[in-house]
Amino acid sequence: MTKVIIRTGAVKGFFERARKVAQKADSGEPISKSETITFEGPQEKAITLSNRAVKDRGA
């Protein structure tokens with residue numbers, strides 16, 4: 001099963017996480033299977049997730 005992480009954050013955080021994963025890959029460490037969805041701010045996150053909930057209900 002894939003772990004899905006939903007968060008708010010900036011581009012800087014994206015590159016920090018990518019760098020850590022690359023370092024693990026370079027050293028041969030296992031990389032946990034996950035997907036991260038990052039929104040710029042809480043408002044964008046709420047709007048997107050709310051719109052998806054409406055679509056899933058068939059409204």
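Author: Of the 59 residues in the chain, 5% are buried (buried means under 20% relative accessible area, exposed over 50%, partly exposed in between, with a 1.4 Å probe and protein chains only). This is a predicted model, where local features need pLDDT of at least 70, side-chain atom pairs count only at pLDDT 80 or more, and totals for chains, interfaces and linings use all residues. Residues are numbered from 1 along each chain as its sequence is written, and side-chain values use heavy atoms, with hydrogens and water left out.

The chain has two helices and two strands (DSSP runs numbered from the N terminus: helices are H or I with at least four residues, strands are E with at least two). Their order along the sequence is β-α-β-α.

Now helix 1. It covers residues 11-27, which is 17 residues. Just after helix 1 comes Gly28, with a positive phi of about 85°.

Next, the rings. The whole structure holds one aromatic pair (rings of Phe, Tyr and Trp, its six-membered ring, pair with centres within 6.5 Å; planes under 30 degrees apart are stacked, over 60 edge-to-face, the rest tilted). Phe14 and Phe15 form an edge-to-face pair, because their planes meet at 80°. Their ring centres are 5.1 Å apart. Phe14 is partly exposed, at 48% relative accessibility. Phe15 is partly exposed too, at 47%.

Note on methods
Expected span 1.5 Å × (residues − 1).
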